[in-house]
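User: Hey, I'm new to this one. Could you walk me through it?

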Amino acid sequence: MVKVVIKVSMNSPKSRSKAMKIAVGVSGVETAAIQGENKDQIAVTGERIDSVCLTSLLRKSFGHAELVSVGSVEEKKEEGITLPIVWPYVSGVPQYPVYDIRHPSQYQEPNCSIM
């Protein structure tokens, strides 16, 4: 995974929202977040992100966008509790969904005045 940080001149919540939409629209982006002391940086993580393309798209919309850093991210393995899959049984017999299968001659003709 790659993490890209871009500094963009964003002054309002509307411009931050616009920048997030642009960042998420680039192929390969999995997550995007606004960070920085003044909330003027976008941190994007994902696979095969074209950082130059993303920076130029932000520059076209905002006038100033500076590529701060590009680096790899170590993936953390989540050690969560995995629950077993439990199927509903009634008296030892599994319950499957019941589908109503009819012969085509049993269907009713639609009564539509238009047709």
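This is a predicted model: local features need pLDDT of at least 70, side-chain atom pairs count only at pLDDT 80 or more; totals for chains, interfaces and linings use all residues.

User: Okay, how many helices and strands does the chain have?
Analyst: There are 2 helices and 6 strands. Starting at the N terminus, they come in the order β-α-β-β-α-β-β-β.

User: Which strands form the open sheet, and in what order?
Analyst: The sheet has 4 strands, ordered β2-β3-β1-β4, with antiparallel pairing. At the edges sit β2 (29–35) and β4 (65–72), each pairing on one side only. On average, neighbouring strands in this sheet are turned by 20° against each other, ignoring direction.

User: What joins β1 to β3?
Analyst: That would be 6 bridges, with β1 (residues 2–8) running antiparallel to β3. For instance, I6 stands opposite I42 in β3.

User: And where does helix α1 lie?
Analyst: Helix α1 covers residues 13–25 and lies across β2 and β3, at about 155° to β2.

User: Switching topic: is G46 buried or exposed?
Analyst: G46 is buried, because its relative accessible area is 0%. You'll find G46 in strand β3, which spans residues 41–46.

User: What does G46 touch, leaving out residues up to four places away in sequence?
Analyst: M1, V2, G28 and E30. G46 is also 4.6 Å from V29, C-alpha to C-alpha, though the two are 17 residues apart in sequence.

User: How much of the whole chain is buried?
Analyst: Buried residues are 22% of the 115. The chain's accessible surface is about 9600 Å², and carbon and sulfur atoms hold 54% of that.

Methods: Residues are numbered from 1 along each chain as its sequence is written. Side-chain values use heavy atoms; hydrogens and water are left out. Buried means under 20% relative accessible area, exposed over 50%, partly exposed in between (1.4 Å probe, protein chains only). Accessible areas come from the Shrake-Rupley method with a 1.4 Å probe; for residues, only the protein chains shown count as cover. Contact means heavy atoms within 4.5 Å. Two strands pair if DSSP finds at least two bridges between them. Axes are lines fitted to C-alpha atoms, for helices over the stretch in contact, and angles run from 0 to 180 degrees between N-to-C directions.
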